[in-house]
Amino acid sequence: MSLGIFICPDGSLKSKILSWKEKIQKELIEQPYTKHPAHLTIINSKINKENIAISKIRKYLRDTKSFNLDVKKNDVFWNDIITGGHTIYFSIERTKQLQNIQNNLAVIMSKYKSENKIPKIFHPNKLLSNSYKIYGFPFVGDHWIPHFTISSLKIKKSHKIIKEFLSNKNNSSFRVDKISIWRINKDKHQMLEEISLK
């Protein structure tokens, strides 16, 4: 079980993400991440003292100003080291403000992290293993690629659904005026709180 801090889209962006998830669920069935809620993960870490951690996160977020994010394009993490599939996603421009939010939340959560053993899949990559060791999450820092995951597809790179996804243009902008805290247990996601930004 872990605690995740998410940006959840609304409006047309949420509709696009859910539409792609539904399409994949119908055509390919039971692919990793497909049933997850539409979200951008800022950080996800196993922690102790959940109530205290949430209180600190809440306090920080209530003092954080709302901001705009831009969707850049449709993209793929080929041979995703976590799933072994090809993870399709909407790429988000990483702004200085978004990076600062991640860094600050990572520092807050690192004080309560309960997981110190680095998973073997991250061992070959120093950036990922160092990040995991410090924060309990492998993607904190300049190597973090903010994104909205659609699904991780265990299919050939040349599959028509990947080609179709990549051929879609996807430039849009949205306002982030709230960030949510979730309890995660494998594929189960439970929203604990949604915090409005300034």
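Predicted model: local features only at pLDDT ≥ 70, side-chain atom pairs only at ≥ 80, totals over all residues.

Me: Is strand β5 largely enclosed or open, and how many of its 7 residues are buried?
Reply: A residue counts as buried when its relative accessible area is under 20%. Strand β5 covers residues 147-153, and it is largely enclosed by the rest of the structure because the buried residues among its 7 number 6.

Me: Which residue of β5 stands opposite T87?
Reply: Strand β4, residues 86-92, pairs with β5 in the antiparallel sense, and the pairing runs over 6 bridges. Within β5, the residue that stands opposite T87 is S152.

Me: What distance does helix α3 reach from its first C-alpha to its last?
Reply: Helix α3 takes in residues 96-110, which makes 15 residues, and at 1.5 Å a residue a span of 21 Å is expected. Its buried residues include L98, I101, L105 and M109, and the buried residues of α3 pack against β1, β2, α2, β3, α4 and β7. The reach of α3 is close to the expected span, at 21 Å.

Me: Which residue of β8 is the bridge partner of I181?
Reply: β7 and strand β8, the latter at residues 188-196, pair in the antiparallel sense over 8 bridges. The two form a hairpin with 2 residues between them, and K186 in the turn has a positive phi of about 60°. In β8, the bridge partner of I181 is E193.

Me: Is T34 buried or exposed, and what is its relative accessible area?
Reply: T34 lies in the loop between α1 and β2. Leaving aside neighbours within four places in sequence, T34 is in contact with K21, I24, Q25, I150 and S151. With the cut-off for burial set at under 20%, T34 counts as buried, its relative accessible area being 5%.

Me: Which strand gives the largest share of the lining of the largest pocket?
Reply: The largest pocket has a volume of about 1200 Å³, and of the 41 residues that line it, the closest to its centre are Y33, N44, I82, F137 and F139. The elements that give two or more residues to this lining are β1, β2, α4, β5 and β7. By class the lining residues divide into 20 nonpolar, 15 polar and 6 charged. The largest share, 4 residues, comes from β2.

Me: Which strand gives the most to the lining of the largest cavity?
Reply: A search of the whole structure finds 1 cavity of 30 Å³ or more, and the largest cavity holds about 60 Å³ of space. Among the residues lining the largest cavity are I7, D10, F174, R175 and K178, and the lining has 5 nonpolar, no polar and 4 charged residues. With 3 residues, the strand that gives the most to this lining is β6.

Me: What separation is found between the C-alpha atoms of I7 and H147?
Reply: I7 has its place in strand β1 and counts as buried, at 1% relative accessibility. I7 and H147 are 140 residues apart along the chain, yet their C-alpha atoms are separated by 9.9 Å.

Conventions: Residues numbered from 1 in each chain as written. Heavy atoms only, no water. Buried < 20%, exposed > 50% of the residue type's maximum accessible area, 1.4 Å probe, protein only. Pairing = 2+ DSSP bridges. Expected span 1.5 Å × (residues − 1). Contact = heavy atoms within 4.5 Å. 1 Å grid on protein atoms, 1.4 Å probe; cavity = no way out; pocket = protein on both sides within 12 Å on 5 of 7 lines; lining within 4 Å. Points joined across faces, edges and corners; volume = space filled by probe spheres on them. Nonpolar A, V, L, I, M, F, W, Y, C, P; charged D, E, K, R; others polar.
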